[in-house]
Amino acid sequence: MRIADRQQVEGGRERLTLVPETLDDLWHLTYVIEPGDRVAGDTTRRIQRDDDQLRDKGGEREPMWIAVAVTDVEFAKFANRLRVGGTIVDCSREDQLDFHHTFNVEEHDEIEVEKVWKPDQIDRVEEATEATDQPDVAIATVEEGEAHVHTVAQYGTESRASITSTTGKGDYARPREELFAELSDVLRRMDVDAYILAGPGFTKQDALKYIQDEHPDLAAEITTVDTSAVGDRGVHEVLKRGAVEDVQERTRIAEEAELIDELMERIATGAKVAYGPDAVAEAAEFGAIEELLVLDERLREERGEESEWDVDVDEIVTTTEQKGGDVTVFSHEFDPGQQLRNLGGVAALLRYRLQ
């Protein structure tokens with residue numbers, strides 16, 4: 001995500017001009033944009049007229065700038081776009097005011113989102129923005145005599161290290177273990193969440209075996225992928241196969257799974273935990289929450305007109321953060337999120353027991 005502009009407007013509202021750069025960014029916006037927000041941008045529209053003597057022009061669409069008061073938001077996963085619908089409140093053509101319009105937001109489209117931002121929504125946008133600049137997956141490609149390390153950001157890949165030497169037989173041969181040791185040192189110095197080890201043949205498996213023996217913690221974060229080449233070509237093969245997205249998804253799931261496992265263990269032993277909206281709201285009020293776990297789906301529902309809870313979800317989130325707690329929003333698409341849903345969609349790891 002890129003924040004192209006940021007402006008304070010009247011009524012405590014703030015206007016962010018956002019450029020989603022990945023499908024993940026579009027998915028994040030599903031949980032940021034709500035009914036009542038104002039969304040604006042350049043778009044195309046088939047002209048609608050109130051004048052009976054001026055007919056529509058069939059399928060022709062005209063470019064224009066439109067602002068809508070949002071009524072519905074949908075992430076169309078299989079179409080790779082975010083659909084934001086609403087009533088036109090401002091437009092470069094006044095004759096289109098008060099009609100309904102739907103933005104089909106795709107990657108790299110610029111949109112303005114104006115609203116009273118909630119803390120977790122700003123956090124979500126800022127985390128997505130940081131992810132653009134800070135790569136979290138490293139790809140190491142290795143074959144006999146050479147190894148290359150790249151990092152992956154949402155804009156592309158960047159070469160971080162190339163290690164070449166003669167291995168095998170001969171007077172100038174270098175032990176393979178030296179190549180693997182230098183590669184291991186490079187990987188250990190990197191601040192990333194996961195690693196992909198790729199390459200042709202069996203060399204990558206030998207490298208992995210070396211890392212497992214010498215650096216088991218590092219090895220636990222490595223996924224292997226078969227490629228026909230190393231270097232830029234090998235990285236391209238890894239990206240083409242979707243291996244990076246798979247690793248990133250597994251990393252997110254692993255983080256959520258670690259929290260949900262801790263939660264379930266505490267529930268089983270009667271330790272410092274609260275779950276369900278009423279109990280969690282009470283814990284937040286006492287400043288007892290160390291980590292708030294809330295389901296994205298439930299968060300969105302409770303902010304809508306059909307809220308089911310007797311407590312205010314935004315008050316829980318805000319109070320938790322004000323009193324030094326952390327907030328993790330779980331995805332309903334993964335198993336940890338499903339477990340959290342079974343506990344009412346919200347739970348908390350506490351600093352101390354309330355009873």
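**Figure 1. Contacts that reach across the chain.** Take the contacts whose partners have a separation of 6 or more: residues 24 or more positions apart account for 66% of them. This is a predicted model, and its chain has 11 helices and 16 strands. Of the 355 residues, 46% count as buried. The C-alpha trace spans about 90 × 65 × 30 Å along its principal axes.

**Figure 2. The largest nonpolar core.** This core has 30 residues, and those with the most contacts inside it include Leu18, Leu29, Val84 and Trp117. Strand 4 gives the most, with six residues.

**Figure 3. Val84 and its neighbours.** What does Val84 touch, leaving aside residues up to four places away in sequence? The list is Ile33, Val39, Val70, Asp72, Val73, His101, Thr102 and Phe103. Ile33 and Val39, like Val84, are among the residues with the most contacts inside the largest nonpolar core.

**Figure 4. Helix 7, from end to end.** Helix 7 covers residues 243-269, and at 1.5 Å a residue its 27 residues should span 39 Å; the end C-alpha atoms are 38 Å apart, so the two values agree. Its buried residues include Ala243, Val247, Leu259 and Leu263, but also Glu256 and Arg266. Just after the helix comes Gly270, with a positive phi of about 70 degrees.

**Figure 5. Charged side chains.** How many side chains are positive, and how many negative? The chain has 40 positive and 82 negative ones, and the centres of the two sets lie 3 Å apart.

Note on methods
Residues numbered from 1 in each chain as written. Predicted model: local features only at pLDDT ≥ 70, side-chain atom pairs only at ≥ 80, totals over all residues. Heavy atoms only, no water. Helix = DSSP H or I, 4+ residues; strand = E, 2+ residues; numbered from the N terminus. Buried < 20%, exposed > 50% of the residue type's maximum accessible area, 1.4 Å probe, protein only. Contact = heavy atoms within 4.5 Å. Lys, Arg positive; Asp, Glu negative; His and termini not counted. Charge placed at Lys NZ, Arg CZ, Asp CG, Glu CD. Expected span 1.5 Å × (residues − 1). Core = buried A, V, L, I, M, F, W, Y, C linked by side-chain atoms within 4.5 Å.
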